[in-house]
Amino acid sequence: MYMLMVPCRVSELVTARRDQYIPTAKVIKIPKSKAGIPIIKSVPENMREYFRSIPLDCPWLFYEETAPGRYRPLTHLRYAWSFCLKMAGISDLRVHDLRHIAVTDLHYAGNSERVIAAQAGWKSTAMMSTYWHYDELKAAQEMRFGYGNHSTDIAQQLTRSAAG
C-alpha cells in the first residue's frame, strides 16, 4: 500500500528501520538513496496506523514475523507481491510499476514536479517524463484554452478574409 502512494524503491523499504520513522513529522527518513542523497518520504494518513502498530521490539518498518517476537526485514517482497496479485485477480503488474502509479497519482493530485522528485529521490525533475503517465482523456477534459490577443487577432483576420 505504501509503495502505491509514495514513489519508493524496493531497496528503500526492505532496509528501512524503525528509527527512520519520525511519527511527529509523519515522515520516513531514508539516509542514503540510489542517487546518493538522503530522502524524506511522507507517510500518508491511511498508513499511520500501520506504523503505530509495529511491535516495539521490531527494528524494521516493513517486516515479517518469523516466530513470536522474532522479526526480519521483508526480503521476500516478490513472493508477497505474487500472492497479492493472485488474490486480487491481477496479472502483469510489476512491483516497480507502483512507482509509476504513485508518481502519476501525486501529479494528478496537484503536487509540483519538484515535490514529487524529492519524494522519489531524484536530483532533478527530468525523471518525471519517464515515470509520469498522463491519461489522454483526462488531459483533454482538463485542457484550458487561452483566448488572448493572438487567438483573437487571428480569428478576426480569418473572419475578414472569409467575408472579403
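Residues are called buried under 20% relative accessible area, exposed over 50% and partly exposed in between, with a 1.4 Å probe and protein chains only. The model is predicted: local features need pLDDT of at least 70, side-chain atom pairs count only at pLDDT 80 or more, and totals for chains, interfaces and linings use all residues. Residues are numbered from 1 along each chain as its sequence is written, and side-chain values use heavy atoms, with hydrogens and water left out.

The protein has 164 residues, of which 30% count as buried. Its secondary structure comes to nine helices and five strands. Helices (H or I, at least four residues) and strands (E, at least two) are DSSP runs, numbered from the N terminus. From that end, the order of elements is α-α-β-β-β-α-β-β-α-α-α-α-α-α.

Salt bridges were examined next. A salt bridge is a side-chain nitrogen of Lys or Arg within 4 Å of a carboxyl oxygen of Asp or Glu. By this rule, there are six salt bridges. One of them pairs Glu12 with Lys41, at 3.2 Å from N to O. Glu12 belongs to helix H2 (residues 10–14) and Lys41 to strand S3 (residues 39–42), so the pair ties together parts that are 29 residues apart in sequence. Glu12 is buried, at 5% relative accessible area. Lys41 is also buried, at 1%.

A second salt bridge links Glu64 and Arg72, at 2.9 Å from N to O. Glu64 is partly exposed, with a relative accessible area of 22%. Arg72 is partly exposed as well, at 33%. Elsewhere, salt bridges with shared partners join Arg9, Glu12 and Lys41 into one network.

Glu49 and Arg52 also meet in a salt bridge, at 3.2 Å from N to O. They sit three residues apart in helix H3 (residues 48–52), which means that about one helical turn separates them. Arg52 is exposed, with a relative accessible area of 55%.

Helix H4 (residues 77–88) has twelve residues. Its first and last C-alpha atoms are 16 Å apart, close to the 16 Å expected at 1.5 Å a residue. The expected span is 1.5 Å times one less than the number of residues. Leu77, Trp81 and Leu85 are buried in H4. These residues cover an arc of only 70 degrees around the axis, so they lie on the same side of H4. The arc is that of the directions from the helix axis to the C-beta atoms. The face turned away from the buried side carries the exposed residues Tyr79, Phe83, Lys86 and Met87.

Lys26 is partly exposed, at 37% relative accessibility. Asp92 is exposed, at 78% relative accessibility.

The structure holds zero disulfides, a disulfide being a pair of cysteine sulfur atoms within 2.5 Å. Cys58 is buried, with a relative accessible area of 1%, whereas Cys84 is partly exposed, at 45%.
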